[in-house]
Protein chains: 2
Amino acid sequence: MNEPMDMEAVLERLKEKGLRLTPQRVEVITLLYQLSHPTAEQVYSLMSKKFPYVSQTTVYSTLKMLKDLGIVNELTYGDRSSHFELTQEEHAHFNCKSCGEIYDVDVKDARQLQHLLHTEQGYQVDFVRLEFYGTCPACAAGGEAGTDSVRTAH
Amino acid sequence: MNEPMDMEAVLERLKEKGLRLTPQRVEVITLLYQLSHPTAEQVYSLMSKKFPYVSQTTVYSTLKMLKDLGIVNELTYGDRSSHFELTQEEHAHFNCKSCGEIYDVDVKDARQLQHLLHTEQGYQVDFVRLEFYGTCPACAAGGEAGTDSVRTAH
DNA sequence: TTACATGCAAATGGTTTGCAACGCA
DNA sequence: TGCGTTGCAAACCATTTGCATGTAA
């Protein structure tokens, strides 16, 4: 499993960008290293123990800043709130419908992963979600024909 | 590419369940066949042309019913609203960051897909999201130890 | 005549924004 | 002194809910 960049490198990255390493920001980052895919609310709740006067605004803005820098990744599911994780390459998530935990799993061989997850690790896979993000051929061709209009398919 | 079940089969499925084939429901289903991964708002907006007095409530409840029956799949992204599609097996999505379109793509060979998407179809893949849903080994072992508490990881 | 559906309006709740106060560079 | 940062409160907005009305079997 790939590891996220270490915390010192993250703090260094912020300094490079001229961003201040406030106690609140350091604590949000620390919690991201300690927790498994927390929601903003979970980060806020735990921060409140050490910083009673911290605001949700600060937690949200810090998470947004880290996301914009590519340091954290936001995971959205069907439920209301997003989950956050430190960016790592080459991994997938296994979401347990029973306990709700989000597990990081290796994805060296994506094709066989679903099968191997079951036979070797005991995960029962009901559903796989695979999303690609990037630029489509039409847009890459310079068409810049982007529209928000609804298009038919099928 | 796998196709979704045809519309007559969907309507038959509702009848089997004792659900009424109201004009509103038939129109929502029809639009799901005509549109590419629409949001609830897009469905509502287009329905309003044919049914001026349709309510958002009906659109949302119909989409939820279809989702509960496994007929439609809900896709959540970082932006606010969910997108809906008729359920199909063995396919992935390519989300164009330039035009915003969501493309269905084949995923016969998930391992090589990212590479093939680029070399054979011209898609530039920046990011792949792969999510598994199911039951983890601990829960499958009958522990039913599910909690909503935050757990540490890494 | 009863259970299911619809639609209006209000509530919900995660997230964002406006703005004044704060504090490091 | 200036600008980035914080935090309170209000706004935002997709979605859900309460409830009265409508409708089909």
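Biologist: Which side chain meets that of A:Glu27 in a salt bridge?

Modeller: This is a predicted model in which local features need pLDDT of at least 70, side-chain atom pairs count only at pLDDT 80 or more, and totals for chains, interfaces and linings use all residues. Residues are numbered from 1 along each chain as its sequence is written, chains are lettered from A in the order in which they are written, and side-chain values use heavy atoms, with hydrogens and water left out. A salt bridge is a side-chain nitrogen of Lys or Arg within 4 Å of a carboxyl oxygen of Asp or Glu. With 3.5 Å from N to O, the partner of A:Glu27 is A:Lys50.

Biologist: How many residues apart are A:Glu27 and A:Lys50?

Modeller: Helices here are DSSP runs of H or I with at least four residues, numbered from the N terminus. A:Glu27 lies in helix α2 (residues 23-34) of chain A and A:Lys50 in helix α3 (residues 40-50) of chain A, so the pair links distant parts of the chain, at a separation of 23 residues.

Biologist: Is B:Glu27 buried or exposed?

Modeller: Buried means under 20% relative accessible area, exposed over 50%, and partly exposed in between, with a 1.4 Å probe and protein chains only. B:Glu27 forms a salt bridge with B:Lys50, and B:Lys50 counts as exposed at 55%. B:Glu27, by contrast, has a relative accessible area of 9% and is therefore buried.

Biologist: What separates B:Lys64 and B:Asp68 along their helix?

Modeller: These two residues form a salt bridge, with the closest N and O atoms 3.1 Å apart. Because they are four residues apart in helix α4 (residues 56-68) of chain B, the separation is about one helical turn.

Key
Helices (H or I, at least four residues) and strands (E, at least two) are DSSP runs, numbered from the N terminus.
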